[in-house]
Amino acid sequence: MTRHLFNRRAVLGGAAAATGVALSGLPARASGDVIAAIYPGSWEEAFRSIVGPALTEASGVNLELDPLYAVDQIAKARAARGLAPFDVFVLDPGPAASGMEMGLYQPLDMSKLSNAAKLPQVFVDDFSIPVAAQVVGIAYNPTKVAKPAGWADLFKPEFASRLGLTGFQTTFGTTSLIEISKIFGGSETDVAPAMEKIKEILPQVAAVAQPSAMAGLFQQGQIDLMYTNTQTVATLKGRGVDIEFAVPETGAIAFVTTMHIVKDAENVENAYKYLDTVISAGVQDKLMQAPFNFIPVNGDVDLLDTLPMASLDEMNGFVRHDWTKINPLRPGWIEQFNREVAA
Amino acid sequence: MTAAASDLRAGAVARLRLSPPEWPLVAPLGLIFVGFFLAPLALLVWTSMHADAEMTRLGPESWMRFLGDPFYLKVAADTLLLGLKTVALTLVLGVAIGLIFLEASPAQRTALLFIIILPLLLSVVVRTFAWIVILGSEGVVSNAALALGLTSAPFSLLQTELGLIISLAQIELPLMLLPLLSVMGRIDPNLLDASRALGASRWRTLWRVILPLSAPGLTAGCLLVFASSTAAFISQSVIGGGRLIYMPLVIWQQSIVVYNWPFAAVVSLCLLISVLGVIGVIHWLGRRVRA
């Protein structure tokens, strides 16, 4: 009985049909395309609705997005070994420094980017251009706690009991913990003082959570203080959450998200057109508006008054970090944080 | 009866022993299995045998680092315990729902099955975030306890093992119920009547008749719930938070955040081996109960 249920012709026919369906779904890698890695979530949404149409209008190039977190992009590019899975990276400083060390990028020819001169030059180098800035500080719920003056305040009992902690897995987490460490005698390469302080307040803190859970915990009122970036604050505010951004007295942390062209990229010329569109004043201005709340990098854009600075030049005075020094130490810090906070 | 059974067995053997012309039909599945399961698994083992994150030399260091560190052994034990506790809770809930199912009319059974399958239609991420709302200090559980006077201050079950087990039990319950109910639904009602007619109490009927006859479903359910809850990365990290550390979190940190693939491979293999070990024990117990 079972033997005749599927005869060879039916199986082969079915297989051929399945292959046909699968092949028709393959992405078309025509000459008018660029494949760009993009962070899932608001970045993907923003780039799909703003950058894609702008790029097609400006140069007829079709933007295809590959939603991947920074670390996944590096992992994917590394695993592909020479066969570029996409043309453009979008990376935060930690992974960007790793990718540089791994030689995953090609040098950029700035003459192909008409908007390159308008970028804050401190953040431009031979292999990358900034596409968005991030400013990190303390977010607090003004209806529940007083405005914290700086990092040290987080460790006072009245603040600690409302604080949400997160470890070294993200750029904002790592840089915030470094700044906390500096207050208590540590440095960019020594976070031991921060760990000590965290151990002291651990029984009181409202939550120790994974970075992705922080916004949800804040929204639900589980925590009323956290270290985070202005974008998260603006997004939560947009949803009606009572949240404000406080610049710590030692200064807010600034870093940029950069874009890089993949070393063996297939669509190099289109990749340049894509980069130039991303940093153009028009696109940067749209990305700055709600609901996306990006911090622009093009000097021609007038900054919104909700941002903690009046011009991009002020970011030169913000705290910056050297990720080539942080990266080698970070695996140890992540592990140490696990051990210290493990229940 | 015996003749029929031996006929059946012979039929099964004949079906297993494939004649040569049928091999090509199995080949696609076999090739997929080799290409997409065995080969990656071999690659994982090979990766785990490297000593350093850059994978420049072979050596047992990554294995030693895991097996020689009490912290990581505790993480492994906690992961397995989390699975076992979740299995225990889903088992109790599953059997209770199974007994209701047993007494239900066909129409009620259909309704019950629909309700059980309903949560599967929601993404696990959505179900997990719903539990943040339920378990938080301003959540349903805390407010209900306050209203009933069971507690004087709001409390949060988030970031606690208890909260995690409760939410995992709800999230994984369909995996227990679907195999269990399909087996329980086939229990001959006459056997229950016979048990009662012969003077067995309700508990005795449950222990001596219903549970042994449900053993295949219980075993399958336990296996699915255990394997799924030990690997439930999203629920573990969102509900469990940063202080409860389980193997999936370590694998994610090592592979995706710090790029130490050999160590991530070691943790993955340890998770695989220990879960297989527990699954073997559950399976063996299931067979013993049936015997």
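Two residues are in contact if their C-beta atoms, placed from the backbone, lie within 7 Å. The pLDDT is also below 50 over residues 10-31 of chain A, a stretch with four contacts beyond near neighbours in sequence. Where pLDDT is low, the predicted coordinates should not be read in detail. For chain A the mean pLDDT is 88, and 91% of the residues reach 70 or more.

Residues are numbered from 1 along each chain as its sequence is written, while chains are lettered from A and ligands numbered from 1 in the order in which they are written. Local features need pLDDT of at least 70, side-chain atom pairs count only at pLDDT 80 or more, and totals for chains, interfaces and linings use all residues.

Between the chains, 26 residues of chain A are in contact with 24 residues of chain B. On the chain B side, the elements giving two or more residues are α6 (124-135), α11 (233-238) and α12 (247-257). Helices here are DSSP runs (H or I, at least four residues), as are strands (E, at least two), numbered from the N terminus. This side of chain B consists of twelve nonpolar, nine polar and three charged residues. Ala, Val, Leu, Ile, Met, Phe, Trp, Tyr, Cys and Pro count as nonpolar, Asp, Glu, Lys and Arg as charged, and the others, Gly among them, as polar.

Within chain B, helices α4 (residues 70-103) and α10 (residues 202-230) pack with their axes 8 Å apart, at an angle of about 140°. Axes are lines fitted to C-alpha atoms, for helices over the stretch in contact, and angles run from 0 to 180 degrees between N-to-C directions. The angle therefore makes α4(B) oblique to α10(B); angles under 35 degrees count as roughly parallel, over 145 as roughly antiparallel, 65 to 115 as roughly perpendicular and the rest as oblique. Residues of α4(B) including Gly83(B) and Gly94(B) meet residues of α10(B) including Gly221(B) and Phe226(B). The contact has seven nonpolar, ten polar and no charged residues.

In chain A, the axes of α2 (residues 42-59) and α10 (residues 268-278) come within 10 Å and cross at roughly 120°. Six nonpolar, two polar and one charged residue form this contact.

Methods:
pLDDT = per-residue confidence, 0-100.
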